[in-house]
Amino acid sequence: MATVTLHGLTKRFGKTRAVDELDLVVEDGEFFVLLGPSGAGKTTTLSLISGLEAPDSGQVFLGADDVTRVDPWKRDVAMAFESYALYPHMSVFDNIAFPLRAPARSPRLSEPEIKEQVQRIATMLQIDQLLERSPSQLSGGQRQRTSLGRMLVRHPRAFLMDEPIVHLDAKLRHHMRSELKQLHEQFRVTTLYATPDWVEAVAMGHRIAVLNHGRIIQTGTPDAIYNSPVNRFVADFVGEPPMNILNGRLAHRDGRLLFDIDGHQIPLAKPLEHALANAESGEWQIGVRPSAVRLEPTQSPLAVLPATVYVSEPLGRDTIIETRLAGQSLTVKVPGLMPLAPGSPVWLDFDQNQLHAFNNRTGLRLNVDPPA
Amino acid sequence: MARVALDHVWKIYGQRGKSVEAVRDLTLDCADGEFLAIVGPSGCGKSSTMRMIAGLESISRGTIAIGDSVVNDTRPGDRNIAMVFENYALYPHLSVRDNITLSLEVKGTPAAEIKVLLDRAAATLDIGDILNRKPRQLSGGQKQRVAIARAIVRNPTVLIMDEPISHIDARLRSKVRAELKHLLRELQATTIYVTHNQAEALSMADRIAVMSDGELQQVGTAEEIYERPANLFVADFVGEPPMNFMPCTPISHDSRVVLQAETMTINAPDTLRSALDRRQGAEELILGIRPVDVHLSWAPGAESAGTGTIRLVENIGDEQIIAVDTGQRSIESVVSASVRANVGDTVWLRVEPGRAHVFDSATGRSLVA
């Protein structure tokens, strides 16, 4: 196993910079997620690390070794694709043993040695009872384990996974997600995992790099990405439903700074008020996650902002309610089932401690010092 | 608009003497102006049902009525049904305008009337500014709205939608879902919506029909389906992450009944008292608890149902999914992201008695049903 270091990595396809000056250090044993929409450069980055693509400039290091010009098969990285790419005519045993029997491999292993290694890996993956089966007789989870087994016998320095579970249905995806995470805890192979799904990223990653147009927008822990997004793009991309971003203006009242949405006044917590007071003047937007808004069907001292229901969507454990507040769309997530007819009046309140300010022009989030 | 009524409908496909019953004895009603979702995994019979309503498949047994007339022998073109498909099926070489008006022109509708219908549909669906574009120049959400516009200009009696948003990028899908729900409510169109996605069905429809293996499992509002699933299939299919299940035995304890389930013991819901009294000591029940109803504490309490060790913690934004190893079984709990939970922690589980679901393991039926 090894660290993976990318330095100024750039790859152009025609005029497009698919990967643009990427700098990244993935720690030894880390589960690192590349998160972004399609076209962000995730797959290209993985291809550059595996050697399937050559960069126009920049370097790839595995541990201390510069492998930028090393042939893919000599890099000791294992790549998993969306389909598990198992050989259908081979048994589970032969699929896992395949890399050990490769002609180019040195030193050559004897069949008893191969058997011992396959058995050991299969036992750890709990597929040792299935070694004689063919892939068509396996469940999705068993296929994934077989595919992982084939990667693990090679003792690769890093795993590269490109959207390995995106095509599964929601239930199975949830199951595979927790299983992959647990297998990583067990084997601790340095892993780069590409996905467009923010839930997978925050659920699995030790750290996440959010990519867009070939560039890293933010790198951080799931907590940092979710709770302190650097800009509107990350705030919008991570979270479901996405964070509400509201237009308005700063106003003063009774010596305090607050956010005014068409006459409706949103009080600000001290740290954010302080940061806004010290910030350069400019237009600001306020961001608030749907779960950080309280919604009441009747007016109360706890909920004073008047809004109207646009559509309400019961999802079982939560209800998503899209409202209109002073003509702006504002989505609220409430626990449990709350059936509300379109057009119903509701009253809202924002959790002051969960408000974000975004610069209207740059989209950057205003950094707020934590309370002393 | 009109109601749609299916009365003891069967679809049987014959294959060289071997027959497959794709739909079995389905009786289902969609009221005038109602939005009914038919949901289930692939192979459950939802598509055959939809195709029989549309007239794309013959009806093997039973009757389907639209409004007051049985349509078993009515040709598809004469049923006045409009369909919206998963892949939108727009003509690539025609502009948005021509895609929408084609069926009216074929019918010989006067040009002035076509213009009125087009303008109204374009305004309703907010596509007035893209009428000159070709389908390839549109986003998934726009294509979907064009497909709906094309369906509604015909002033259909019934609107049938087959997985209409399954192909839309996940980021956009929840937005489109809300827009579509709002729009269909404004149109007051009798709508039958087929999907494999339980969240979509729950969030959008007035009522949801859950199908499995050719049979109707339950039909009801989102609340009925989610809070009172009629059987194990519905309980497992609806809700994310899925319900925890484990075998359990009812045992009388002083004046109450407890459910003894492997390593967990919980008080039985009052609503089940009489049903459980008849089954004292029977080992034929399945206890179901939604992950959101499994509460965790880091110290034992009077109401603790059992204990275990945290095996896995998955952050999912505002919440986290925690898998607790209780010895015999892993039980999932959904708790707020603000709770500090670490792998290896010993935790105690608590379940509100009213949140427990109990099923007969032989029939799969809920004891409440």
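Visitor: Which residues of helix H2 of chain B are called buried, and what makes a residue buried?
Guide: This is a predicted model. A residue is buried if 20 or more other C-beta atoms lie within 10 Å of its own. In H2(B), residues 96-107, the buried residues are Val96(B), Asn99(B), Ile100(B) and Thr101(B).

Visitor: What do the buried residues of H2(B) pack against?
Guide: They pack against H3 and H4 of chain B. Just after H2(B) comes Gly108(B), with a positive phi of about 85 degrees.

Visitor: How do you describe the way H3(B) and H4(B) pack?
Guide: Two packed helices are described by the angle between their axes and the distance between the axes. Helix H3(B) covers residues 111-125, and helix H4(B) covers residues 140-152. Their axes come within 10 Å and cross at roughly 145 degrees. The crossing is right-handed.

Visitor: How do you know that H3(B) and H4(B) meet, and through which residues?
Guide: Two residues are in contact if their C-beta atoms lie within 7 Å. From H3(B) come Ala121(B), Ala122(B) and Leu125(B). They meet Arg145(B), Ile148(B), Ala149(B) and Ile152(B) in H4(B). This contact has six nonpolar residues, no polar ones and one charged.

Visitor: Why is Met204(B) called buried?
Guide: The cut-off is 20 or more C-beta atoms within 10 Å. Met204(B) has 27 C-beta neighbours inside 10 Å, so Met204(B) counts as buried. Its place is in helix H6 of chain B.

Visitor: Which residues touch Met204(B), leaving aside its neighbours within four places in sequence?
Guide: From chain A there is Glu313(A). From chain B there are Phe35(B), Ala37(B), Arg177(B), Leu180(B), Lys181(B) and Tyr193(B). As for Asp98(B), its C-alpha atom is separated from that of Met204(B) by 30 Å. The two residues are 106 apart along the chain.

Visitor: How many residues does each chain give to the contact between chain A and chain B?
Guide: Chain B gives 27 residues, and chain A gives 27 residues. On the side of chain B, helices H5, H6 and H7 and strand S16 each give two or more residues. H5(B) gives the largest share, six residues. By class, the side of chain B has 14 nonpolar, six polar and seven charged residues.

Visitor: What is chain B like as a whole?
Guide: It has nine helices and 20 strands. Its C-alpha trace spans about 80 × 50 × 40 Å along the principal axes. Of its 369 residues, 41% are buried.

Visitor: Now chain A. What makes S2(A) and S5(A) edge strands?
Guide: Four strands form an open sheet in the order S2-S1-S4-S5 of chain A, with antiparallel pairing. S2(A) and S5(A) each have a single partner strand, so one side of each is left without a neighbour in the sheet.

Visitor: How do you know that S1(A) and S2(A) pair?
Guide: Two strands pair if there are at least two bridges between them. S1(A) and S2(A) are joined by seven bridges, so by this cut-off they pair. They run antiparallel. Leu6(A), for one, has Leu24(A) in S2(A) as its bridge partner.

Visitor: Which helix lies across S1, S2 and S4 of chain A?
Guide: Helix H1(A), residues 42-50, lies there. It runs at about 65 degrees to S2(A).

Visitor: How do you know how confident the predictor is about chain A?
Guide: Look at pLDDT, which runs from 0 to 100. The mean for chain A is 91, and 98% of its residues reach 70 or more. Among its elements, helix H5(A) has the lowest mean, 83, and strand S9(A) the highest, 98.

Conventions
Residues numbered from 1 in each chain as written. Chains lettered and ligands numbered in written order. Predicted model: local features only at pLDDT ≥ 70, side-chain atom pairs only at ≥ 80, totals over all residues. Nonpolar A, V, L, I, M, F, W, Y, C, P; charged D, E, K, R; others polar. Buried ≥ 20, exposed ≤ 12 C-beta atoms within 10 Å, placed from the backbone. Axes fitted to C-alpha atoms, helices over the stretch in contact; angles between N-to-C directions. Left-handed = near helix turned anticlockwise from the far one by under 90°.
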